[in-house]
Amino acid sequence: MEKIETSAAVEELSNEIQDLLLNLPTEKNWDGTSLYQYQGCWNRSQYVSSTISFQRHFQAKESDIILTSFPKSGTTWLKALAFTIVNRSRYPIENSPLITTPPHLLVPFLEVDLYTKSQYPNLEDFPNPRILATHVPYASLPNSILNSDCRIVYVARNPLDQFISHWNFLSGSQQQNMNLVSVEEAFEMICNGVQTYGPVWEHILGYWKASQEQPHKVLFLKYEDMKEDIQFNVKNLANFLGCPFAEDEEAQGVIEEISKFCSFDNMKSLEVNKNGIYRRFKNEAFFRKYFFFSKGGVGDWKNYVTLPSMSERLEKLFQGKFSGPQILI
Ligand code: A3P
């Protein structure tokens with residue numbers, strides 16, 4: 001039954017969070033706002049609060065599909081792909097809701113969108129299977145997700161490209177009065193693990209280990225592999241989500257059609273993604289504009305992290321963190 005949030009419940013949570021924040025380690029974020037370390041993960045106070053509501057109240061269904069990622073790792077792409085694959089019999093591509101609705105509205109984030117608005121958002125009206133997203137680390141997912149048969153898909157990206165993608169995303173928002181530290185200072189902070197949802201290596205390793213231990217529950221995708229062979233990954237994703245392509249679909253080129261529809265160039269060209277705002281960001285910011293020297297995607301960090309001492313330090317740091325499982329680098 002849907003629970004209604006009372007003003008007393010809002011006040012109670014707010015008091016609890018204020019007390020909690022006083023006792024959490026804190027650091028400054030790239031834009032000067034405060035980050036708090038809750039369950040090993042750095043985040044803004046409002047997302048600490050919404051993560052707690054998500055952990056306490058989310059009731060997973062076995063049919064749920066939970067899309068997970070570290071920010072700027074290919075989340076928008078994964079949302080478009082999963083939505084299109086799962087709903088392909090309901091919506092032919094030419095009538096896809098993605099033509100009129102941005103991926104982040106069709107597949108909302110649990111702690112970033114739904115649980116920031118209410119401790120008990122109404123999730124009953126979502127059509128089954130519900131496709132929902134989160135950036136919360138694996139270890140902090142609600143028990144309800146961990147203990148149910150719902151499926152989790154994680155997309156990982158080379159942390160150096162993720163760093164530059166995030167940097168560009170936020171510096172492109174400077175016109176919205178966001179005063180960022182220099183790229184060198186931001187670099188120093190990520191080396192210390194301090195960034196929203198960081199440390200990035202803990203995030204990636206948590207989902208990587210879960211995917212190794214429970215391959216039927218957690219699928220670990222890599223942005224770079226998807227760039228290299230999207231059709232293989234679309235097929236793999238459909239198999240994992242329990243809606244494999246039939247032989248006649250394959251023969252009719254459905255996999256290719258979905259891959260092209262969800263491609264960067266197509267998604268970026270849709271009017272709906274060129275206009276409008278999602279949270280405090282323009283929808284178009286989720287599809288980066290590239291400069292002549294920068295193709296984006298894979299390896300773009302080399303165009304920004306130009307000092308050899310910086311790139312060597314980052315590469316060494318990540319190689320050390322990922323040295324057991326050769327995950328990304
Ligand atoms: P770049 O800034 O390197 O271009 P997220 O969706 O997690 O916020 O990640 C954003 C990154 O994914 C950006 O990377 C963006 O350009 C890229 N991206 C968005 N949609 C994409 C798509 N359909 N195909 C490939 N990359 C995509």
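Trainee: Where does Val107 lie?

Mentor: Helices (H or I, at least four residues) and strands (E, at least two) are DSSP runs, numbered from the N terminus. On that numbering, Val107 falls in the loop between α4 and α5.

Mentor: Two remarks on the source: this is a predicted model, in which local features need pLDDT of at least 70, side-chain atom pairs count only at pLDDT 80 or more, and totals for chains, interfaces and linings use all residues. Residues are numbered from 1 along each chain as its sequence is written, and side-chain values use heavy atoms, with hydrogens and water left out.

Trainee: Is Val107 buried or exposed?

Mentor: Buried means under 20% relative accessible area, exposed over 50%, and partly exposed in between (1.4 Å probe, protein chains only). Val107 has 1% relative accessibility, so it counts as buried.

Trainee: Which residues is Val107 in contact with, leaving aside its neighbours within four places in sequence?

Mentor: Contact means heavy atoms within 4.5 Å. With the neighbours within four places set aside, the contacts of Val107 are Leu67, Lys79, Phe83, Ile131, Leu132 and Ala133.

Trainee: What separates the C-alpha atoms of Val107 and Glu228?

Mentor: Along the chain, Val107 and Glu228 are 121 residues apart.

Trainee: Why is helix α5 described as largely enclosed by the rest of the structure?

Mentor: Helix α5 covers residues 110-117. Its buried residues are Leu110, Glu111, Val112, Asp113, Leu114 and Tyr115.

Trainee: Which elements do the buried residues of α5 pack against?

Mentor: Both helices and strands are on the list. The partners are α2 (45-57), β4 (65-69), α4 (103-106), β5 (131-134) and β8 (277-278).

Trainee: How does the reach of α2 compare with what is expected?

Mentor: The expected span of a helix is 1.5 Å times one less than its number of residues. α2 has 13 residues, and the expected value is 18 Å. From first C-alpha to last, α2 reaches a close 19 Å.

Trainee: What do the buried residues of α2 pack against?

Mentor: The buried residues of α2 are Tyr47, Val48, Ser49, Ser50, Thr51, Ile52, Ser53 and Phe54. They pack against α1 (7-22), β2, β3, α5, β5 and α6 (143-146).

Trainee: Which residue joins Pro129 through a cis peptide bond?

Mentor: Pro129 is placed in the loop between α5 and β5. The cis bond there has an omega of about -5°, and the partner of Pro129 is Asn128.

Trainee: What is omega for the cis peptide bond of Gly198 and Pro199?

Mentor: Pro199 lies in the loop between α8 (183-191) and α9 (200-213). The cis bond joins it to Gly198, with omega at about 0°.

Trainee: Tyr197 has a positive phi although it is not a glycine; is Tyr197 buried or exposed?

Mentor: Tyr197 is in the loop between α8 and α9, and its phi is about 70°. With a relative accessible area of 3%, Tyr197 is buried.

Trainee: What is the relative accessible area of Gln39?

Mentor: Gln39 sits in the loop between β2 (34-38) and β3 (41-43). It has a positive phi of about 50° although it is not a glycine. Gln39 is partly exposed, and its relative accessible area is 46%.

Trainee: Which residues does Gln162 touch, not counting those up to four places away in sequence?

Mentor: Gln162 lies in helix α7 (residues 159-171), and at 1% relative accessibility it counts as buried. The residues it touches are Phe70, Pro71, Lys72, Ser73, Arg157 and Gln195.

Trainee: And for the chain, how many helices and strands are there, and what share of its residues is buried?

Mentor: The chain holds 16 helices and nine strands. Of its 329 residues, the buried share is 55%.
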